[in-house]
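Q: I am new to this structure and would like a close look at a single part of it. Please take me through that part step by step.

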Amino acid sequence: MGLTDKDRRLITAIGKGLPLVPEPYAEIGRQIGMTGDEVIRSLERMLDAGLIKRLGIVVRHHELGYRSNAMVVWNIPDNEVAEVGRRVSAFGFVTLCYQRPRRLPDWPYNLFCMVHGRERVRVLEQVEHLAEACGLEGVERDVLFSARRFKQRGATYCLKSTESAA
Amino acid sequence: MRGGKTGEVRLDDTDRRIINTYQGGFPVSPEPFKDAARALGLEEEDFMERIRRMLDQGILTRFGPMYHAEKLGGGLTLAAIKVPEDRFEEVNTIVNALPEVAHNYAREHALNMWFVLATETPEGIAEAIERIEVATGLPVYNMPKKKEFFIGLRFEA
């Protein structure tokens with residue numbers, strides 16, 4: 001979908017969060033020169049078009065007790081990766097799943113999934129379960145636990161329609 | 001950032017229901033908090049107060065939209081660096097200073113620093129990577145997604 005200037009102003013205005021007031025869309029509208037109805041229609045269009053993937057709570061998983069965060073990576077033949085990705089992503093403990101390019105020779109893996117768990121040993125059990133259930137026991141894989149988190153701000157967007165990307 | 005915080009936070013059953021219900025699907029209506037609260041049998045003011053408290057406690061990163069960066073015309077990628085152990089802090093400081101770095105994790109692997117870059121334009125990714133390579137003298141492994149597989153579940157509280 002094409003974005004209007006109003007859409008862009010709205011994207012920037014709510015990027016860091018909705019105001020916690022009874023009529024947040026009308027409130028945002030007042031700040032950027034739109035009516036509450038215009039804000040609602042713009043949001044509905046962006047949700048329908050998938051520009052907004054979801055609207056609501058963004059959790060900080062570490063603080064929810066998900067202390068072990070593992071990036072589980074697999075070297076899947078290219079002609080099978082779409083099917084394997086679909087199967088892997090159906091497991092509840094897989095919170096993200098992407099096909100990405102290999103970076104040979106250092107990095108042979110092309111399927112990436114995130115597994116979050118409250119304990120490391122449990123995460124490893126889940127990875128084992130995943131491999132068995134998807135017939136991936138013989139597949140080259142690695143599990144990269146996070147040692148430390150340095151930054152988690154989530155992507156925020158500040159779209160300036162008048163400014164070129166110099 | 002509140003990243004270093006390790007204290008346990010206490011959530012009651014109502015907080016958990018809110019978290020498990022509204023990681024998406026928050027109403028787009030004139031009085032969305034009232035509608036969202038009513039669906040869980042709660043009062044609007046109670047719902048808003050709980051969101052406010054969980055934001056203050058750092059349980060929630062934010063309450064609002066999760067954008068699709070590429071569809072908005074932006075760039076997004078996952079990248080990694082093999083950082084020599086004795087340079088880790090120095091390189092970490094350089095990488096975290098870039099506003100394009102959305103998150104950054106140390107991981108147990110030869111490729112030991114993994115970060116997400118989010119930029120206003122697709123071209124911004126290459127520029128950010130070049131800046132990191134110049135500033136650190138280390139090659140950046142760029143691994144943009146080729147395909148995203150749909151995930152239904154979010155985090156269960």
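What covers the buried residues of H1(A)?

A: This is a predicted model, in which local features need pLDDT of at least 70 and side-chain atom pairs count only at pLDDT 80 or more, while totals for chains, interfaces and linings use all residues. Residues are numbered from 1 along each chain as its sequence is written, chains are lettered from A and ligands numbered from 1 in the order in which they are written, and side-chain values use heavy atoms, with hydrogens and water left out.

The cover of the buried residues of H1(A) includes helix H2 (24–32) and helix H3 (36–48) of chain A, together with strand E1 (60–67) of chain B. Helices (H or I, at least four residues) and strands (E, at least two) are DSSP runs, numbered from the N terminus, and contact means heavy atoms within 4.5 Å.

Helix H1 itself spans residues 5–14 of chain A, and its buried residues are Asp7(A), Leu10(A), Ile11(A) and Ile14(A). They cover an arc of only 100° around the axis, which puts them on the same side of H1(A). Here buried means under 20% relative accessible area, exposed over 50%, and partly exposed in between, with a 1.4 Å probe and protein chains only, while the arc is that of the directions from the helix axis to the C-beta atoms.

Turning to one of the covering helices, H1(A) and H3(A) pack at an angle of about 90°, with their axes 10 Å apart. The two helices are therefore roughly perpendicular to each other. The contact is made by Lys6(A), Asp7(A), Leu10(A), Ile11(A) and Ile14(A) of H1(A), and by Glu38(A), Val39(A), Ser42(A), Leu43(A), Arg45(A) and Met46(A) of H3(A). By class, this contact has 6 nonpolar, 1 polar and 4 charged residues. Axes are lines fitted to C-alpha atoms, for helices over the stretch in contact, and angles run from 0 to 180 degrees between N-to-C directions; those under 35 degrees count as roughly parallel, over 145 as roughly antiparallel, 65 to 115 as roughly perpendicular and the rest as oblique. Ala, Val, Leu, Ile, Met, Phe, Trp, Tyr, Cys and Pro count as nonpolar, Asp, Glu, Lys and Arg as charged, and the others, Gly among them, as polar.

Chain A has 5 helices and 5 strands, and 54% of its 166 residues count as buried.
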